[in-house]
Amino acid sequence: QLQLVESGGGLVQPGGSLRLSCAASGFTLDYYAIGWFRQAPGKEREGVSCISSSDGSTYYADSVKGRFTISRDNAKNTVYLQMNSLKPEDTAVYYCAASSILFTTVQAMCVRTYEYDYWGQGTQVTVSS
């Protein structure tokens, strides 16, 4: 069975850190672009950070640039999202997704959500004091 499983979410105080993991089973992440997306209540899903399959190029939304870092460990078939200096507005359900498309730009990875083949179930991140 092909699936992605996120973990690492939870409740954290403002200024704190979390590391989200996205583990794949049934397929190899090496050949896929991976995106982290989030959706807060009443808001549309947005691309947070994405990493390409080809050369590891990354993209970050302006709202997280300088605070979040995406990385991949192909040996563990896992992609991570390190989130530092968390803010209440980062509260959302975070999803990882995998796409076999070779995107023309790094920004496109985080915008064209319809190009993603596999989605995880999501993990809740709550930033609150």
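Over how many bridges do β3 and β8 pair, and in which sense? In this predicted model, the two strands β3 and β8 pair in the antiparallel sense, and the pairing extends over 6 bridges. Two of the facing positions can be named: L20 stands opposite L81 in β8, and A23 stands opposite T78 in β8. On β1, the pairing with β3 is likewise antiparallel and covers 5 bridges. Here the bridge partner of E6 is C22 in β3.

These strands belong to an open sheet of 4 strands, in the order β1-β3-β8-β7, with antiparallel pairing. The edges of the sheet are formed by β1 (3–7) and β7, each of which pairs on one side only. Averaged over the sheet, and with direction ignored, neighbouring strands are turned by 15° against each other.

The largest nonpolar core comprises 29 residues. The residues with the most contacts inside this core are L4, L29, W36, F68, L81, M83 and Y94. Two or more core residues come from each of β3 (18–25), β4 (33–39), β5 (46–51), β7 (68–73), β8 (78–83), β9 (92–99) and β11 (123–127). Another core, of 10 residues, lies apart from the largest one and includes F37, F103, M109 and Y116. In soluble globular proteins, nonpolar side chains tend to be buried together.

The surroundings of Y94 were examined with residues up to four places away in sequence left out. On this basis, Y94 touches W36, F68, L81 and M83, among others. Its contacts also include E6 and L20, the residues noted above as the bridge partner of C22 and as the residue opposite L81.

The structure holds 7 aromatic pairs. Ring pairs join F37, F103, Y116 and W119 into a cluster; of these residues, F37, F103 and Y116 are also among the members of the 10-residue core. Two arginines are placed over aromatic rings. The charged end of R45 sits over the ring of W119, at 4.2 Å from the ring centre. The charged end of R19 sits over the ring of Y80, at 4.1 Å from the ring centre.

Q39 lies in strand β4. Its relative accessible area is 33%, so Q39 is classed as partly exposed, a class that lies between the cut-offs of 20% and 50%. Apart from residues up to four places away in sequence, Q39 touches E44, R45, A92, V93 and Y95. One of these contacts, R45, is the arginine whose charged end sits over the W119 ring. Q39 and F68 are 29 residues apart along the chain, and their C-alpha atoms are separated by 16 Å.

Positive phi values occur at two residues that are not glycines, N77 and S85. For N77, phi is about 55°, and the residue is placed in the loop between β7 and β8. The relative accessible area of N77 is 15%, and N77 is therefore buried, the limit for that class being under 20%. For S85, phi is about 50°, and the position falls in the loop between β8 and β9. S85 counts as partly exposed because its relative accessibility is 41%.

Notes. Residues numbered from 1 in each chain as written. Predicted model: local features only at pLDDT ≥ 70, side-chain atom pairs only at ≥ 80, totals over all residues. Heavy atoms only, no water. Core = buried A, V, L, I, M, F, W, Y, C linked by side-chain atoms within 4.5 Å. Buried < 20%, exposed > 50% of the residue type's maximum accessible area, 1.4 Å probe, protein only. Contact = heavy atoms within 4.5 Å. Pairing = 2+ DSSP bridges. Axes fitted to C-alpha atoms, helices over the stretch in contact; angles between N-to-C directions. Phe/Tyr/Trp six-rings, centres within 6.5 Å; stacked < 30°, edge-to-face > 60°. Lys NZ or Arg CZ within 6 Å of the ring centre and 35° of its normal.
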